[in-house]
Amino acid sequence: MILVKRCCFFTQNLCSLYQSSSLHNISSKCMLPNKFHFLRLSSSSVKQENEVGTFGDEDRHIKLIKIEIALIREKGGDAPDINLIKKRQWDELLKLETKTARRKYYKYLFSKEQTDLNRQLRKEERKQRLVLEPPHEEPHISYSLGRTTFLLRISKSTINTWRHNRLFRAVQFGEKLIFDCSYDEYMIRPEAITAAAQLTRTFSDNRKDGEPFDLHFCNVDFNSVTMKHLERQIPTMRNKEFPMNLHECSYLDLFPKEQLVYLTPHCNNDLTEFDPNKIYIVGAMVNKTNHEPLSFGKAKELNLKMARIPLDRYLHGTSYFKYLTLDQMVRILLDLKRTGKWEVALQHVPRTVP
């Protein structure tokens, strides 16, 4: 009975306090933030602690890499200058888990750094030479200010536009050539980066040719290592007005199956001549470590026709590299398409030194 009276008394005091005080003018919406303020602070503090822990681990990893680079440079090894390493290169280094992989990447960064330094030195020497010895020009060919000539200087943008027009013409009338970009899972990271560099040279060499192929890149994954590095080399490749055909779907969804011929070195069928009615497929892969017949297996699985470049038939008795790069394949096919002679086309196959 006493407990009931005390509860009633307590509730009456609360009601009177609510009516008499300024709490009566405060809405419930204003009360909610104060009520959960402590909960929000505790959750945000936990999040900040987690983020600090993550950053701390990353900073510790960066310090270990810096120490590792310093030791290599102290011993005279090939390692880059820490101050010249870019952010994306740091991201690549943090992904490498083994010491051997990091040392290979250090060597790559060191060679790239030396190349950039040599290029800068040659540029400075060229500037000094131009100041000391002005370039000698023929009197009738001069582009300097105040002189006239009937010849016009052709800018790089004009040349690019002219070459792009060739590619647009190839889309309408040229032979098609497919690159199968579905081999990233079989390549290690350096191989994928090399494949991207070869695809860049492939696009450039094809664009320079008088009768280029209509190139199609199929099975494209824009999140793959190959495509990311290819886009770094060709930043405008996804633009609609850029003459580059990128397809996330398979070539079987785009072209008739009976026209497709997969070029693989592992089959026994030699390519005797270039057939303009066929569409040839080249696997966009660099296989320095994985020598399995992946392209052969894929063509067999899809029940596609196969052919190989007849290296043994026309290069018999000479030492040569049996595994061709992607840009070498395109140059061979371009010459074969234009001349029809394997003797001319296979000049692009590199010979080994006996």
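A polar contact is taken here as a pair of N or O atoms within 3.5 Å; within protein, one atom must be able to donate a hydrogen and the other to accept it, and residues adjacent in sequence count only if both atoms are side-chain atoms. The model is predicted, so local features need pLDDT of at least 70 and side-chain atom pairs count only at pLDDT 80 or more, whereas totals for chains, interfaces and linings use all residues. Residues are numbered from 1 along each chain as its sequence is written, and side-chain values use heavy atoms, with hydrogens and water left out.

The average pLDDT (the predictor's confidence in each residue, from 0 to 100) is 80, and 78% of the residues score at least 70. Over residues 13-55 the pLDDT is below 50, and this stretch has five contacts (heavy atoms within 4.5 Å) beyond near neighbours in sequence.

A polar atom of the S250 side chain lies 3.2 Å from the backbone nitrogen of L252. S250 is found in the loop between β3 (245-246) and β4 (260-263); helices (H or I, at least four residues) and strands (E, at least two) are DSSP runs numbered from the N terminus. S250 is buried, at 19% relative accessibility, where buried means under 20% relative accessible area, exposed over 50%, and partly exposed in between (1.4 Å probe, protein chains only). Q89, in helix α4 (residues 87-95), is likewise buried at 6%. Leaving aside residues up to four places away in sequence, Q89 touches L84, Y105, L109 and K112.

Salt bridges (a side-chain nitrogen of Lys or Arg within 4 Å of a carboxyl oxygen of Asp or Glu) number 16. R102 pairs with E68, the closest N and O atoms being 2.9 Å apart. Because R102 lies in helix α5 (residues 99-132) and E68 in helix α3, this pair ties together parts 34 residues apart in sequence. R102 is buried at 13% relative accessibility, and E68 is buried with a relative accessible area of 13%.

In the salt bridge between R338 and D209, the closest N and O atoms are 3.1 Å apart. R338 lies in helix α11 (residues 326-339) and D209 in the loop between α7 (189-208) and β2 (214-218), so the pair ties together parts 129 residues apart in sequence. R338 is partly exposed at 47%, whereas D209 is buried at 12%. A network of salt bridges links R201, D205, D327 and R331.
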